[in-house]
Amino acid sequence: MNLYHAIFLSVATLAASLPAEALDLQISAGELSSLLTDEVKSATTLTLKGTMDKRDFDALSEMTSLTSLDLSAVSIVAYTPTTRQDMMKNTFDADALPPGALLGKGLTKVTLPASLRIIDQAALAGNSFATIELPATLTEIGTNAFYGNEALTSITIPASVKVIGSQAFGDCEALKSATINSSETGAGTFLRCTALESVTLGSTMKKIGESAFAGCTALKSVAFPSGLTAIAAGAFTGTGLEEVSLPASVAETGDYAFAICPTLKTVTFKGMPELGEGMFFSCPELEEVAFTSGEQPAEYPDYLFAGNCSMTGSMNIEGTSHIGRYAMRGTGVDTLRLGYYVESLGDHALEGMTRLKDINVSSLGINVPALGEDVFAGINQSDVTLSIAEDCEQPWLDAPQWQDFKIQTVSSVTAPDAEKATVRAFIQGALLKVTSTDPINTLQVTDPSGALLVSINPADCQAEVDLNRFSSPIFIVVAKTAHTTATFKLTH
């Protein structure tokens, strides 16, 4: 053998041993395994064209060097297994990435089929691509579909997606931004995506699923769209949110929806949804909760504000019938006014409110709310004033737990919701007296059943009603000015 032939053979042998960098293959469904020569198996970049089914995705597992896969010119066809080992599903759908199709392959780039409808369970989990474009034909993202992608930094979910499975993007620790144009998220959609900073919710968003953003510690703010109707249990538990403003369209919030948010400071309700248990549990920096609609919840659920030591100053609980177990445990409120609808307080409802100095129950008259066990545990009640309407002391003095406060009487009450006008109402002798900083346009008095007793139009800043002609000992008084509607419950 001459030198020329020796060199040629050496170069040919070396070339055969080098991995192919990029390959384009035209295939028909079920054919890929037959095309897997050593050269194909060693490819790092692969473009497939034609048709594929479940069998071809199984064959890709032999391509251990693959980092980039382009399926844009592929149509996925349906496949019905014939072997027992594939019987986990009766049929693998057309235009669907099969369950676990590319699981754990560590791909750094994936281009999906243009006609793709479904990304099935864990189909793209455990890969390393930074971005991926989801086609406008996509309708379903399965459970754990992208779970644990260590490099994904952004994602946009198209409006065509109707179903998002549990933890679809869970533990994608590099994910920084997400735009969700679908009508709802799934359970744990972005669970523990600790780098997630920016979330854009599309105008069609209706429901945020259970634990959807739980553990997203970098998430500081979210703009909730006006059409949103529900936020499920634990949706934002353990996030870095600093402010929450819920639109009037939100009708329901799940248990612990915003619990354990260490930096949450302010919450604004533009409507009045049904609140879930422990909704703001253990948010130690929470300072302000505002109900801009003028309403308050029908009930304070169990653990609602428990552990929120930064909630200080005064709090008026109006229009609320029940304060649940541990609902305000450990808050820093020093003055508490209970409105005339309050009927009961659950076990340990105000436990540990050591800054409390005054509880005003004058609106309740002789209607002493029922108490659960140890409602005031940890409070030095002898140092706390219980302000009671004049001539209504005895029922409170006779009531267990209530009787332990320092009791004082007050002759009048002021409407807590009077923002632009101060309205006062009190009973003196047999006269109901109402005063206001604005002229009183309408004054109505009813008994507790709602029967109308008096309706007058004073057009003055004060008014009087003789109560001697009425047998009811309790009166509901509604005074309306140009700026304020004030409601009182008074006992004669």
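This is a predicted model: local features need pLDDT of at least 70, side-chain atom pairs count only at pLDDT 80 or more; totals for chains, interfaces and linings use all residues.

Biologist: Why is threonine 185 called buried?

Modeller: Buried means under 20% relative accessible area. Threonine 185 has 3%, so the residue is classed as buried. Its place is in the loop between β10 (177-180) and β11 (198-201).

Biologist: What makes the approach of the threonine 185 side chain to the backbone nitrogen of glycine 209 a polar contact?

Modeller: A polar atom of that side chain lies 2.8 Å from the backbone nitrogen of glycine 209, and the limit for a polar contact is 3.5 Å. Beyond its neighbours up to four places away in sequence, threonine 185 also touches Ile164, Ile180, Met205, Lys207, Ile208 and Ala212, among others.

Biologist: Which side chain makes a polar contact with the side chain of aspartate 171?

Modeller: That of arginine 192, at 2.9 Å, where the limit is 3.5 Å. Aspartate 171 lies in the loop between β9 (163-164) and β10. Its relative accessible area is 16%, and therefore aspartate 171 is buried. With neighbours within four places in sequence left aside, its contacts include Tyr147, Asn149, Leu191 and Cys193.

Biologist: How do you know that aspartate 53 and arginine 55 form a salt bridge?

Modeller: The closest N and O atoms of aspartate 53 and arginine 55 are 2.6 Å apart, and the criterion asks for a side-chain nitrogen of Lys or Arg within 4 Å of a carboxyl oxygen of Asp or Glu. The pair therefore qualifies as a salt bridge. Aspartate 53 is buried, at 2% relative accessibility, whereas arginine 55 is partly exposed, at 37%. The whole structure contains nine salt bridges.

Biologist: What makes aspartate 302 and arginine 325 a salt bridge between distant parts of the chain?

Modeller: Their closest N and O atoms are 3.0 Å apart. The two residues are 23 residues apart in the chain: aspartate 302 is in the loop between β18 (299-300) and β19 (312-317), and arginine 325 in the loop between β20 (322-323) and β21 (332-338). Aspartate 302 counts as buried, because its relative accessibility of 18% falls under 20%. Arginine 325, at 33%, counts as partly exposed.

Biologist: Why is the pair of lysine 433 and glutamate 464 still called a salt bridge at 4.0 Å?

Modeller: The N to O distance is 4.0 Å, and the criterion is within 4 Å, so the pair is counted.

Biologist: What makes the pair of phenylalanine 146 and phenylalanine 169 stacked?

Modeller: The structure holds 22 aromatic pairs. In this one, the ring centres are 4.7 Å apart and the planes are 10° apart; the limits are 6.5 Å for pairing and under 30 degrees for stacking. Both phenylalanine 146 and phenylalanine 169 are buried.

Biologist: Why is the pair of phenylalanine 224 and phenylalanine 258 called edge-to-face?

Modeller: The angle between the planes is 85°, and planes over 60 degrees apart count as edge-to-face, so the term applies. The centre-to-centre distance is 6.5 Å. Phenylalanine 224 lies in the loop between β12 (207-208) and β13 (230-231), and phenylalanine 258 in the loop between β15 (252-253) and β16, 34 residues apart. Both residues are buried.

Biologist: Which residues touch the most other members of the largest nonpolar core?

Modeller: Phe190, Phe213 and Phe258 do, in a core of 114 residues. Strand β3 (residues 68-76) gives the most to this core, with four residues. Another core, of 19 residues, lies apart from it and includes Leu443 and Phe470. Contacts of phenylalanine 258 include Phe224, Ile231, Leu264, Met279 and Cys283.

Biologist: Why is alanine 22 called exposed?

Modeller: Exposed means over 50%, and alanine 22 has a relative accessible area of 53%, so the term applies. Alanine 22 lies in strand β1 (residues 22-27).

How values were computed
Residues are numbered from 1 along each chain as its sequence is written. Side-chain values use heavy atoms; hydrogens and water are left out. Buried means under 20% relative accessible area, exposed over 50%, partly exposed in between (1.4 Å probe, protein chains only). A polar contact is a pair of N or O atoms within 3.5 Å; within protein, one must be able to donate a hydrogen and the other to accept it, and residues adjacent in sequence count only if both atoms are side-chain atoms. Contact means heavy atoms within 4.5 Å. A nonpolar core is a set of buried Ala, Val, Leu, Ile, Met, Phe, Trp, Tyr and Cys residues joined through side-chain atoms within 4.5 Å. Rings of Phe, Tyr and Trp (its six-membered ring) pair if their centres lie within 6.5 Å; planes under 30 degrees apart count as stacked, over 60 as edge-to-face and the rest as tilted.
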